[in-house]
Every structure is written in C-alpha cells, then in structure tokens.
Amino acid sequence: MGRVSSASQSSLSSLSSLPSSGRADVAVRLRDALLAADFTADGLLELLGAPAYAALARSETVPALRATRGDTPLEALVRLFLLQQPVPHARVADVLPVEECLDSGWLVRAGGDEVAATVDVRPYGGPDGEDWFIVSDLGCAVGGAGGSGSQGRQADTAVVLGVGGASTTLAGITVRRPVASALDLGTGSGIQALHAAQHATRVTATDLNPRALHITRLTLALSGAPEADLRQGSLFEPVADETYDLIVSNPPFVISPLSREGSRLTYRDGGMGGDDLCRTIVQQAGERLNQGGYAQFLANWQHVEGEEWTDRLRSWVPRGCDAWIVQREVQDITQYAELWLRDAGDHRTDPAEYAARYDAWLDEFEARKTKSIGFGWITLHRTDSAEPSVTVEEWPHPVEQPLGETVLRHFERQGFLRTHDDAALLTSHFALAAEVVQEQVGLPGAEDPEHVVLRQHRGMRRATKVDTVGAGFAGVCDGTLSAGRILDAIAQLVGEDPVLLRDRTPAQIRLLIEQGFLEPTVS
C-alpha cells in the first residue's frame with residue numbers, strides 16, 4: 001500500500017502527452033466554445049440519432065462517422081474529440097481557440113493542415129441538466145468488454161477510461177445530500193468527484209495513477225466544477241486518518257491472477273489476491289466515516305466452495321456501520337475470465353499467448369476454490385449502533401436509476417425498525433410508497449384470489465406476496481391513522497379478534513417497511 005507501481009512510474013513521464021492542467025483560462029474558453037457549438041449530450045443525440053448514439057456508447061464508430069460527413073461546427077467537434085479523426089485546421093479555427101488549444105496541449109498538429117485531439121472529450125449530462133465533459137485517454141471513453149483494448153492492441157497499463165456502465169451505476173446509487181466533505185477513492189477520470197462537487201463543500205480525490213489525477217483535474221476544469229484536493233497513493237494511504245461524510249469508490253475490483261502482475265492494468269486490477277482489495281476498502285472505510293456518513297462502492301466478490309457468499313460479505317462490514325449489499329450479477333469463472341481478457345485486448349494476441357493467459361486465470365480460481373464471481377453494490381452507513389442492520393441480498397432484476405434517494409430511505413427505515421418494538425410499531429403512522437399497485441392472482445372467475453401481490457413501479461421495483469389483511473392494511477395507509485387503529489378496523493370488518501390480529505400482523509408490517517412498500521410518517 002502507498003507504493004507507486006511500475007505502471008504509475010511510467011505514466012509520470014507520459015503526463016507531457018496530456019493537456020496542461022495549469023491553463024485554466026484555456027479550459028474555460030474551450031468549454032464556452034464547446035457549448036456554443038451544442039457539443040452536449042442532447043446535441044449529440046440530435047445530430048447522430050439514437051442508433052448511432054447508442055453505437056458510440058458501445059465503442060462502435062462507423063455510424064457516427066457516417067452521420068458527421070457534413071461541415072457544421074458540431075460535426076467537426078464530434079470527429080475531433082469523440083472519433084479521434086484529424087480535422088482541417090481551418091475548420092477547427094472556426095469553432096475553437098485553436099492556437100491556445102495547441103499551445104496548452106488539447107490539440108496537436110497532425111501533418112499538413114490538420115489538427116488532432118490528444119484526449120477524448122465526451123459530453124455528459126449532469127443529474128440536474130448540467131452540461132459536463134468527461135476527459136479520458138484516446139479510444140477509452142467507454143469501459144467494459146472491448147473498451148480499453150478496442151484499438152486493436154492491448155491496453156496500456158496506466159490508461160484512464162472515461163464514462164462506462166459501472167461509473168454511471170455508482171453515480172446513480174450514491175446518496176445525494178449536502179455534506180461538508182466527500183472522498184472519491186480511485187477517481188479515474190473524475191466522474192464521481194464531479195458529481196460530489198455539486199453537493200459537497202470539500203472534495204478529495206485519490207488515485208494510484210498520477211495520469212488519472214491529471215485527467216480528473218481536466219474533467220473538473222472543463223465541466224466548470226470547483227477544483228478538488230487531488231492526492232496520489234494507494235487506497236486510504238493518501239488521506240491518513242481523515243474522515244468524511246461521503247466516501248465513493250469504483251475501485252479496480254477485477255479478480256485477476258497475481259502471477260501476471262507485470263501486465264496488470266492499473267484502472268481495473270487491484271494487485272491483491274482474490275477479492276482482498278474490495279474487502280480491504282470496505283473494512284477500512286468504517287473508521288474514516290463521520291457519524292451519519294455513507295460509503296458506497298462497486299465490488300466483485302468470490303463465491304467459494306463450501307462457503308455461503310452472503311456470510312463472506314457480512315464478514316466485510318466494519319463495526320459501527322449498517323450495511324446494504326446487493327448482488328446484481330453472477331458469472332461463472334470462464335465467463336469472467338473471457339470478459340476481462342477481452343477488455344484488455346488479450347484475445348487479439350497470439351492464440352497460444354491468449355490460451356496461456358486464460359489458463360492462468362483458471363489456475364488462480366482453482367487454487368482459491370472459486371466457483372463464480374459476484375458483482376454488486378455495497379453501501380455502509382455509520383451509525384455506531386450496538387445492533388447494526390446488515391442486509392445482504394441478490395437482486396438481478398431491473399431497477400429505476402437514480403437510486404440515491406432509495407438508498408437513503410432504506411437506511412432510514414432500518415433505523416426506524418431498530419428503535420420500534422411491536423408495541424411502538426402499532427402506535428406509528430405509515431404511508432404507502434409512491435406507485436405501488438396491487439395484483440390479484442388466481443383462476444379466472446374464482447371468488448377469491450389465490451394470493452395478492454404488491455408491486456413497486458419505482459426504485460428497486462420489488463414485488464411481495466401479502467395476505468388479504470396485509471393488502472387491506474397497505475391500501476389504507478395514508479399517514480392519517482395509526483397502524484393499531486387500522487388493524488382494529490380490519491378486525492371488525494372481517495370478524496376477527498382484534499387482539500389476535502394485532503399480535504400476528506406486526507411481522508408482515510415490518511417486512512413491508514423493510515422492503516420499502518410502507519414509509520413511516522410523522523403523525
């Protein structure tokens with residue numbers, strides 16, 4: 001920990017190939033010019049059309065090349081910054097402060113009368129309609145399979161990726177509330193730091209790769225965001241014992257064989273055995289969270305023979321923290337190895353070398369008795385409670401992003417349930433969550449349904465079976481009556497002993513609260 005890898009040492013000398021981060025004035029003028037040409041997420045969609053826009057997100061450029069054969073300023077910018085095509089100097093001069101961009105390193109001369117971009121600049125729409133720009137290395141705007149190795153070669157070890165599915169997922173699940181301090185651990189191209197800058201007074205961003213810190217500074221400047229406190233180093237080493245209200249990390253979570261560390265990719269491979277890097281980040285985050293703070297991560301974890309994966313994840317949760325861990329996907333070890341070998345472009349090497357690399361991955365998994373790999377979200381909430389709430393679940397179904405508010409409400413409900421026994425529960429008031437519908441399942445023409453299902457159309461989009469009392473209870477909850485009074489009314493309606501109904505129903509009410517169908521209200 002705290003060391004600079006050989007990949008990071010080599011990237012120190014490569015910083016000269018990036019735009020100067022000291023020319024903030026040029027970044028401001030460049031931003032103004034991009035906006036004036038409608039080089040925005042909405043502008044791109046209108047120019048390219050949905051199919052070409054979606055193809056670009058998959059690193060497929062041919063449809064976008066076909067859509068930018070004209071001579072408008074926006075087409076020139078798309079070819080220059082997104083498609084990495086040389087553009088005539090005169091065309092660029094009509095759109096950008098071209099000489100300043102050349103002097104500060106955003107552009108280089110490409111022979112003849114053409115200029116080319118030194119970095120990928122991708123429009124990115126903020127959550128409240130902001131027009132942001134994410135800077136990354138050329139050809140690496142989108143991560144995922146085929147991303148970093150998409151140029152017909154293996155990826156450079158210190159390459160910095162741009163916006164991908166993982167980064168947008170983390171941004172979507174992050175709790176967004178005003179905080180004094182936020183930490184983006186392993187910032188990459190600065191996407192999480194950019195989001196945090198909108199609601200945190202002070203943002204610290206760290207990365208082992210100095211090239212990533214340089215690019216983060218460019219992303220923030222070009223997006224018109226405040227500067228962050230950028231620190232180089234491994235994991236929490238750069239921040240020592242400082243504490244934060246929010247910690248976010250899309251870490252290098254890929255579980256890859258240590259035996260090939262010489263070809264390790266800084267942006268994705270953590271350099272620790274198995275899932276130790278993700279475990280270390282989670283366990284060390286607790287002591288760096290302020291009371292009431294949140295830490296949110298994406299992670300991979302091993303499914304090990306003879307061990308419940310849920311128990312493995314529970315053991316990661318630090319003392320003093322509630323936790324919500326959601327497994328979104330599971331891949332067998334062959335699928336997993338193939339995904340990340342292709343991500344690095346290894347499948348384009350000599351077939352024998354590819355087979356040797358593939359074999360090394362499977363050897364590593366076999367040695368660790370790993371059957372499959374899980375991927376998901378981990379959220380910690382610092383409460384210092386003597387009775388922490390730890391929820392570990394599998395949820396591979398579609399959800400509605402952004403989920404930050406859903407995550408916040410989850411922990412608020414857990415705190416409520418922890419402090420309310422059954423007697424207190426029955427004196428409390430509840431409201432049915434927004435867009436919950438009831439479905440009755442049974443044979444056509446049957447007098448009574450076989451069962452009743454409550455289904456959410458927002459957030460996690462859960463569904464749960466309830467009995468007729470549970471369905472009736474949920475349907476009446478509007479915050480007006482206490483739970484006990486609602487049950488008394490139901491007992492009278494169905495001819496049941498109200499004492500017995502009050503005794504057997506709290507467990508069902510607790511489940512509805514836990515899963516977000518009911519929200520506690522102030523009476």
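These legends walk you through several close-up views of a predicted model.

**View 1. The protein is divided into three domains.** Domain 1 covers residues 16-118, domain 2 covers 156-403, and domain 3 covers 420-520. Keep these bounds at hand as you move through the other views. A UniProt record, from an unreviewed entry, places the feature "domain: DUF7059" at residues 36-117. In the model, the end C-alpha atoms of residues 36-117 lie 19 Å apart.

**View 2. Domain 1 meets domain 2.** How far apart are the C-alpha centres of these two domains? The C-alpha centres of domain 1 and domain 2 are 31 Å apart. Their contact takes 10 residues from domain 1 and nine residues from domain 2. The size of an interface is often given as the accessible area lost when the parts come together. Here, domain 1 and domain 2 bury about 850 Å² between them, and 70% of this is on carbon and sulfur atoms. On the domain 1 side, look for Leu18, Ser21 and Arg31, which lose the most area to domain 2. Together these residues account for 57% of what that side buries. And how many salt bridges are there between domain 1 and domain 2? The count is zero.

**View 3. Strands E1, E3 and E2 form an open sheet.** Strands of a sheet pair through backbone hydrogen bonds, either parallel or antiparallel. In this sheet of three strands, the order is E1-E3-E2 and the pairing is antiparallel. E1 and E2 stand at the edges with a single partner strand each, so one side of each has no neighbour in the sheet. Helix H6, residues 73-82, packs on the sheet and touches E1, E2 and E3. The direction of H6 makes about 60° with that of E3.

**View 4. A closer look at the partners of strand E3.** Strand E1 (residues 87-88) pairs with strand E3 (residues 114-117) over two bridges, in the antiparallel sense.

**View 5. A salt bridge joins Arg231 and Glu242.** The closest N and O atoms of this pair are 2.7 Å apart. Where do the two residues sit? Arg231 is in strand E8 (residues 229-232), while Glu242 is in the loop between E8 and strand E9 (244-249). For the whole model, the count comes to 29 salt bridges.

View 6. One detail is at Lys369, which has a positive phi of about 55° although Lys369 is not a glycine. You can find Lys369 in the loop between helix H15 (351-367) and strand E12 (370-382). The other detail is the peptide bond from Gln401 to Pro402, which is cis, with omega near 0°. Pro402 is in the loop between strand E13 (390-394) and helix H16 (404-418).

**View 7. Strands E15, E16 and E17 form another open sheet.** Three strands take the order E15-E16-E17 here, with antiparallel pairing. Which strands are at the edges? The edge strands are E15 (436-441) and E17 (463-466), and each pairs on one side only. From one strand to the next, the twist averages 25°. Four bridges join E16 (residues 451-456) and E17 in the antiparallel sense. Among the residues to look for, Val452 has Val466 in E17 as its bridge partner. Helix H18 (residues 468-476) lies across E15, E16 and E17, and H18 runs at about 120° to E17.

How values were computed: Residues numbered from 1 in each chain as written. Predicted model: local features only at pLDDT ≥ 70, side-chain atom pairs only at ≥ 80, totals over all residues. Heavy atoms only, no water. Pairing = 2+ DSSP bridges. Axes fitted to C-alpha atoms, helices over the stretch in contact; angles between N-to-C directions. Contact = heavy atoms within 4.5 Å. UniProt positions renumbered as here; feature names shortened; annotations may be inferred. Domains from an automatic or database assignment. Buried area = accessible area lost by both parts, 1.4 Å probe. Salt bridge = Lys/Arg side-chain N within 4 Å of Asp/Glu carboxyl O.
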